Amino acid sequence: MKIIRKSLLNLIYILFILILTLSCSNDELIENDKNSINELNNAQIKINDLKQKIESLQNQISTNVKRTKNLESLLSQSNQDLKSAEDIIIELSKNNSENDLLMPPSPPSVKAESDSAKINSLEKEIPTKIEKIAPAPKISDVITQAKAEARADAEAKAKAKADAEAKAEAEAKIKAEAEAEAKIELEKTNILIADCKNNYDLANYTDALSKCMELANKNNNYGNRIIALMYLNGYGVNKNISKAHEILFNIANSGDIWSILYLAEKAFKNNDYVNAVKWYNMGYEIDNLDSMYNLGLHYFKGLGVNQDFKESFSYFKKAADKDHSDSQFYIGKFYHIGNGAYLGSPASKNFFEALKWYELAANQNNHKAQNHIGILYYLGDGDSSFKGFKADAKKSLDWFKIAINNGSKSAETNAEIVQSYLYGRDDKRTAELILD
């Protein structure tokens, strides 16, 4: 019984504890439910607040979008105004293409931004950009400025043109005055030269000396030449060869080609070939063709220098290329004779090439070249290696006659040989032909 009673008491205790536990759990659940409800209410409130803020932001966005559209419209209108101003300026600048009108400043470019950036910063950025945009200038102001700048530029150009014309006129006046003075001085010099020459030719040596001295004092070489000749010959003055040579040396060394050639020829006549070559070299340095030719001649004959056909040909060729007829004759002679006779010559025997150079000289009435053309036609090829150059005695005689008319003594002998052949003589007597 005690055991049952004890067991029953234990059971009741257990039930009490269980009921008590259940009661506590229920209270916690109720408390938790209350907390949950409160949190839900708070969340609902926050949601409502957020909805209000979202609506507010949407309203702001709508307002800002509207502002943006207004700004875009304003910018578009400004761009149209600027374009109109540019068109007007371009029209104004057509009359003055060199005038560089200043264009009004363009508004700053608006950079594209992301949607989220626009939502976060649109309200701040748009007013800032509006403040930075410079207002478009009025078209009337642009036109006024353009006209003012065009007028200023035109006035500056007109002044520059007037100054340039005045300067050119002054320079032209100075030049004309200088030319007039030079012309007057040249006329005076020419009169003195004529008086110097005429008095010398007429043996009026006292007057000649006076006029020639005036020329010499003006550093005129013609006057010095006549004075030197008077001293050389004792005309009107005491003969003084050393004085004459001193004058000629001075003007020759200054580049007077007449004096250079005179001294060279005088040395040549005196068989002073070394000094002749020296003077001809001086003439060659100033591109004198006669000096070139004579140097070629000295090397051809070995006068004052070692005989050198290559050097001779070189000097002749330089003068021949500049139409010096005697040099052309010698170039033809080099090809006529060939390098077998002229040892070291760069020209091989070639009748066609010889004829070409002879004809160039003959066209300048060089009787030596005309005589040699007659010889070429009388001989013909003379060598099987030269095809097509046929002998023609009649043509040969015609050239000899032309040479005779121009003073060739060699052509007279050669013409007699050709006439003898044409009249029936079998022997052409080629060995008797005379070469110049």
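Is Phe309 buried or exposed? I found Phe309 buried, with a relative accessible area of 10%. Buried means under 20% relative accessible area, with a 1.4 Å probe and protein chains only.

A note on the source: this is a predicted model, where local features need pLDDT of at least 70, side-chain atom pairs count only at pLDDT 80 or more, and totals for chains, interfaces and linings use all residues. Residues are numbered from 1 along each chain as its sequence is written, and side-chain values use heavy atoms, with hydrogens and water left out.

Next, ring pairs. Rings of Phe, Tyr and Trp (its six-membered ring) pair if their centres lie within 6.5 Å; planes under 30 degrees apart count as stacked, over 60 as edge-to-face and the rest as tilted. I got 25 aromatic pairs by this rule.

I looked at Phe300 and Phe334. Their ring centres are 5.7 Å apart and their planes stand at 80 degrees, so the pair is edge-to-face. Phe300 belongs to helix α9 (residues 289-301) and Phe334 to helix α11 (residues 325-337), so the pair ties together parts 34 residues apart in sequence. Helices here are DSSP runs (H or I, at least four residues), numbered from the N terminus. Both Phe300 and Phe334 are buried.

Phe334 also pairs edge-to-face with Phe309, at 6.4 Å centre to centre and 80 degrees between the planes. Phe309 is in helix α10 (residues 309-320), 25 residues from Phe334. The relative accessible area of Phe334 is 1%.

Last, I checked the wider group. Ring pairs link a cluster whose members include Tyr293, Phe300, Phe309 and Phe334.

Terms used: Helices (H or I, at least four residues) and strands (E, at least two) are DSSP runs, numbered from the N terminus. Buried means under 20% relative accessible area, exposed over 50%, partly exposed in between (1.4 Å probe, protein chains only).
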